[in-house]
Amino acid sequence: MFRIEHKDQSCKARTATLELTHGEFNLPAFMPVGTNGSVKALHHQTVADMGTRLILANTYHLYLRPGIDVIRAAGGLHAFTGWPHNYLTDSGGFQIFSLAPFRKITPEGVRFRSHIDGSYHNLTPEKVVELQVGFGSDVLMPLDVCSSADETRDGVEKAVAITTNWARRSAAAWKNSAEETNGQLFGIIQGQFHRDLRRRSAEEILELDTPGIAIGGLSVGENPEIFEEMTEFSAGLLPENKPRYLMGIGTPDYILAAVANGIDMFDCVYPTRIARNGSVFTSAGLLDLKKSRFEKDFRPIEEGCTCRACQTYTRSFLRQMFKCNEILGPMLATEHNLNFLHRFLNDIRSSIRQDRLAMFRRDFLKTYRQENAE
Ligand SMILES: [Zn+2]
């Protein structure tokens, strides 16, 4: 299912292919987030036309609405949504901890209240696997506990212990569902910024021999140096021959740091969320299209970009769309941002094949600024 094609001699990056039930694609790859089964503001066809073959959908949201009964009755998530390519579904844990107005971890699982109607729910690791099997997910994620950046060491150690226990139960439930699913379970490594806890978590999760491995609990507010140091350390604990997924990153600088340290997959709401607020990627950095300086700027967002926003519309008109709250604004900005990342990942993969990712990274960061280009 996972084949490494080339290892860059200038850093730890690699290109690979990953074959899942709904098709094969190249790594490293960015996964757009499709919370409710679709990438917000885009047609499936637009997402697929960019070459995207894997999107991330949120178990927490789909579980609460429409619910597993509707998705099962539809014939699974692919049939329900009409997306013919792969889905990775998260475990819902992150949303429970960030969105639910009440949640309590017990050894059994997690009890929480819905942010939609206040109703109480219990999810266990087994139930979370059962939901994703019901969705027909191509990649399934186990319920875990992600520590925040300010969690105490003691708290992180407890979170690692629960994460391991839940991962074991998830792996058993996944194996028991082998007849019902072709989806692949990825184990998740936690441990925040403590090397010994990361190592312990990695050893315990790797014992389960899941088809892929995810690194969780990074990019939670730490500075970029700690992020890269922990990414390098965590990736160094992993076997070569499995896909590595770093959860929750989606800015060009973090993507480069991750890929240079041997990460294959990543996801984040960031590129699509900022697009809906009028912020777009360019190779010089972010542009906020709502700013008055774009009022008479009749250039495209970025010269040379092949997306429909750049082929047809000017910064001035896009600003007008955002100022007037027209739906077309978020649609075009989202299309541009995902197109930008798609081209960016193409450049990354070809740089790796030429053993020059380290140079590409240096050159890219010379002109790219995370805040306010121009
Ligand atoms: Zn564009």
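Biologist: Why are helix 14 and helix 15 called oblique to each other?

Modeller: The axes of helix 14 (residues 328–353) and helix 15 (residues 357–367) cross at roughly 140° and come within 8 Å. Axes are lines fitted to C-alpha atoms, for helices over the stretch in contact, with angles from 0 to 180 degrees between N-to-C directions. Under 35 degrees is roughly parallel, over 145 roughly antiparallel, 65 to 115 roughly perpendicular, the rest oblique. Helix 14 and helix 15 are therefore oblique. This is a predicted model, with pLDDT of at least 70 for local features and 80 or more for side-chain atom pairs, while totals for chains, interfaces and linings use all residues. Residues are numbered from 1 along each chain as its sequence is written, and side-chain values use heavy atoms, without hydrogens and water.

Biologist: Which residues of helix 14 and helix 15 meet?

Modeller: F340, F344, D347, I348, S351 and I352 of helix 14 meet L357, F360 and F364 of helix 15. Contact means heavy atoms within 4.5 Å. The residues of this contact divide into 7 nonpolar, 1 polar and 1 charged.

Biologist: Why is the contact between D264 and R14 called a salt bridge?

Modeller: The closest N and O atoms of D264 and R14 are 2.8 Å apart. The limit is 4 Å, from a side-chain nitrogen of Lys or Arg to a carboxyl oxygen of Asp or Glu, so the pair qualifies. D264 lies in the loop between helix 10 and strand 14 (265–267) and R14 in strand 2 (residues 14–20), so the pair ties together parts 250 residues apart in sequence.

Biologist: Are D264 and R14 buried or exposed?

Modeller: D264 has a relative accessible area of 0%, so it is buried. R14 is at 3%, so it counts as buried.

Biologist: What makes R3 and E24 a salt bridge?

Modeller: Their side chains meet at 3.8 Å, N to O, which is within the limit, so they count. R3 is partly exposed at 43%, and E24 is partly exposed at 42%.

Biologist: Which residues are linked in a network of salt bridges?

Modeller: E108, E126 and R169. The side chains of E108 and R169 meet at 3.4 Å, N to O. E108 counts as partly exposed at 49%, whereas R169 is buried at 18%.

Biologist: Why is one side of strand 7 and of strand 9 left without a neighbour in the sheet?

Modeller: The open sheet has 3 strands in the order 7-8-9, with antiparallel pairing. Strand 7 (103–105) and strand 9 (120–123) stand at the edges, each with a single partner, so one side of each has no neighbour. Strand 7 and strand 8 (residues 110–113) share 3 bridges; DSSP must find at least two for strands to pair, so these two do.

Terms used: Helix = DSSP H or I, 4+ residues; strand = E, 2+ residues; numbered from the N terminus. Nonpolar A, V, L, I, M, F, W, Y, C, P; charged D, E, K, R; others polar. Buried < 20%, exposed > 50% of the residue type's maximum accessible area, 1.4 Å probe, protein only.
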